[in-house]
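Here is a short briefing on one protein model. Look over the sequence and the structure first.

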Amino acid sequence: MATEGGPPHAPTTTPATATVALPTVPGGTPTGPPNTPTAPPPATTTAPRPGALTAWPAAQSGYTVVVESLPTSGGRSLAVERARSASRAGLPQVGVLDSGRYSSLHPGYYVVFSGIYSSRAEAERARAAAGAKGFGAAYTRQITR
């Protein structure tokens, strides 16, 4: 039958190729085609993968959304698990803080946070967004060393 395929085969003709000479400057160095960009392409920013965690910057104070506080007696692994769940749910910049390392927090907790904001107003907007994603118990908090 004419519509059935046969075994694969190599092309019977070789594709045509062309050689292009680039203009040169004195000394014989090619300059490239006209309008060739000379600067490298801009860096691209990729979004963190779902479930990735953010570390709070070492010397930075700011505001955040506290998603959950878990007693340290329960272990850090539970807090990390909860943080990864919040990240997969779409909350931005999710991480875990040890509250004992921050003067603005009560010691004895692992704090699952979302976002690093320079103002309480920014953090409040983020808290409302977190609530819309199912984190209704979230609240804003200032973080200082």
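Which strands does helix α2 (residues 120–132) lie across? Helix α2 lies across β1, β3 and β4, and it runs at about 45° to β1. This is a predicted model: local features need pLDDT of at least 70, side-chain atom pairs count only at pLDDT 80 or more, and totals for chains, interfaces and linings use all residues. Residues are numbered from 1 along each chain as its sequence is written, and side-chain values use heavy atoms, with hydrogens and water left out.

**Sheet**
- Four strands make an open sheet, ordered β2-β3-β1-β4, with antiparallel pairing.
- β2 and β4 (139–143) are the edge strands; each has a single partner strand, so one side of each lacks a neighbour in the sheet.
- From one strand to the next, the twist averages 45°.
- β2 and β3 (residues 109–117) run antiparallel and are joined by five bridges.
- V94 has S114 in β3 as its bridge partner.

**Helix packing**
- α1 packs on the sheet and touches β1 (62–71), β2 and β3.
- The direction of α1 makes about 155° with that of β2.

**Q93**
- Q93 sits in the loop between α1 (76–88) and β2 (94–98).
- Q93 is not a glycine, yet its phi is positive, about 45°.
- Q93 counts as partly exposed, because its relative accessibility is 38%.

**Terms**
- Helices (H or I, at least four residues) and strands (E, at least two) are DSSP runs, numbered from the N terminus.
- Strands pair if DSSP finds at least two bridges between them.
- Touching means heavy atoms within 4.5 Å.
- Axes are lines fitted to C-alpha atoms, for helices over the stretch in contact; angles run from 0 to 180 degrees between N-to-C directions.
- Partly exposed lies between buried (under 20% relative accessible area) and exposed (over 50%), with a 1.4 Å probe and protein chains only.
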